[in-house]
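Biologist: Before I use any of the labels attached to this model, I would like to hear what each of them rests on. Could we go through them one at a time?

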Amino acid sequence: MSSTLRCEQFVSDEICLVHCYHRCVRRAFLTGIDELTQKDYTHRREWIRQRLESLASVFGIDVLQYSVLSNHLHVILRNRPDVVKTWSDVEVATRWLRLFPGTRILDVLAEPNEEDVRSAVANPEKIQEYRSRLSDISWFMRSLAEVIARRANAEDECSGCFWDGRFKAKRLLDEAGLLACAMYVDLNVLRANLAATIELSMHTSVFDRIEAAKGAMIESSALDRIPLSREESIARRTKMTLEEQKKARKQTGPRPLVPRDAWLAPLTLDPEVDAFDPQASTNGLRASNRGFLTMNLEDYVKLLQWTAKQQDHPPGSVCPVPESLEPLFTGLGVEPSMWCDLVWNYTKYFGTSRCSGNPKAMIADAERTHKRWSRGQRQAAACFA
């Protein structure tokens with residue numbers, strides 16, 4: 001079967017939600033302990049979390065959910081071209097050049113300076129291209145994968161491909177598809193037996209949200225978006241050795257403490273905010289303050305905990321939902337008794353599909369891309385009322 005075109009799943013100038021997942025090539029270890037060599041790669045999970053946090057502070061893309069496993073990762077993203085439109089040309093240039101300065105001193109990327117920003121702003125076509133890329137999910141995933149691959153190859157003292165081809169993507173069409181996918185991502189660590197409970201499933205979005213609700217703080221990994229002055233830039237490029245430049249890049253002063261989930265998009269939608277309001281964030285940690293579900297964190301955790309306990313429920317069978325949880329399914333169109341099967345067997349229903357959601361929404365998405373049908377819509381029909 002041919003690969004789905006990216007332009008059929010998402011485009012940079014249209015708001016959409018996408019579930020992305022990336023797997024390591026061959027038997028390469030992303031994180032965890034390699035059973036063959038007994039080498040521990042667990043520290044790489046924090047590499048990925050910090051890189052996601054850094055990218056969330058620069059791109060016009062909301063990070064909704066994520067989880068990092070031994071040889072692959074999951075992340076749910078929402079691109080925000082409406083937020084990017086609120087940024088000035090100077091801010092667009094500064095954000096882009098912070099990630100891709102275009103200048104390299106030996107093997108060190110040069111820090112963008114004020115002159116670089118002015119030069120970019122003077123070119124309207126270039127600024128328009130930067131705006132488009134800053135809300136492009138493909139560029140976000142490229143910026144994530146490339147840095148992790150370079151660090152992992154350097155640590156392994158090898159070269160070549162680290163990731164198994166391009167990342168996979170699935171468009172989430174409605175709240176039912178989004179909620180099922182969000183819980184599938186959060187429960188992946190339990191499915192892989194890397195944690196016993198969701199409260200212990202580190203390097204997942206639900207762990208970060210639960211800890212933040214308890215008051216947990218972490219050092220921010222947000223990127224500094226202030227360009228260097230012309231004088232400082234010249235000094236670094238002409239008067240510093242390579243090692244001094246590397247040290248200067250790292251010595252950015254003590255990082256501020258922020259809530260553990262401050263870089264993630266809020267879980268709950270605010271019903272009092274206009275749906276067309278971009279809710280652009282001004283704290284420099286994420287693109288916007290818009291939520292993505294109609295339930296609060298407490299209800300989400302309750303439903304997730306109950307779903308987690310049904311892991312050994314026979315596939316395809318009915319699993320009655322407690323009365324206290326039934327109101328959470330209002331408006332989703334999901335058959336409550338089939339919820340556990342939908343989440344724990346998510347790949348059975350949507351594994352080969354380019355989208356996820358209510359069968360009616362999947363049919364509409366097929367028409368949008370001039371297809372007759374979407375893979376998985378018939379199987380998913382059994383889980384929807």
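Biologist: What handedness does the crossing of α4 and α6 have, and why is it called that?

Modeller: The crossing of α4 and α6 is left-handed, a label used because the near helix is turned anticlockwise from the far one by less than a right angle, clockwise being right-handed. This is a predicted model, in which local features need pLDDT of at least 70 and side-chain atom pairs count only at pLDDT 80 or more, while totals for chains, interfaces and linings use all residues. Residues are numbered from 1 along each chain as its sequence is written, and side-chain values use heavy atoms, with hydrogens and water left out.

Biologist: At what angle do helix α4 and helix α6 pack, and how far apart are their axes?

Modeller: Helix α4 (residues 89-99) and helix α6 (residues 124-134) pack at about 65°, with axes 9 Å apart; the axes are lines fitted to C-alpha atoms over the stretch in contact, and angles run from 0 to 180 degrees between N-to-C directions. The contact (heavy atoms within 4.5 Å) involves residues including V92 and W96 of α4 and I127 and Y130 of α6.

Biologist: What makes Q279 count as buried or exposed, and how does H370 stand on that scale?

Modeller: Buried means under 20% relative accessible area, exposed over 50%, and partly exposed in between, with a 1.4 Å probe and protein chains only. Q279 has 15% relative accessibility and therefore counts as buried, whereas H370, with a relative accessible area of 75%, is exposed. Q279 is in the loop between β8 (257-259) and α13 (297-309), and its phi is near 50°, a positive value in a residue other than glycine. H370 lies in the loop between α16 (359-368) and α17 (377-380), with phi near 60°, again positive in a residue other than glycine.

Biologist: What makes a set of residues a nonpolar core, and how many residues has the largest?

Modeller: The term covers buried Ala, Val, Leu, Ile, Met, Phe, Trp, Tyr and Cys residues joined through side-chain atoms within 4.5 Å. The largest such core has 51 residues, and L179, Y300, L303, W339 and L342 are those with the most contacts inside it. Its largest share, nine residues, comes from α8.

Key. Helices (H or I, at least four residues) and strands (E, at least two) are DSSP runs, numbered from the N terminus.
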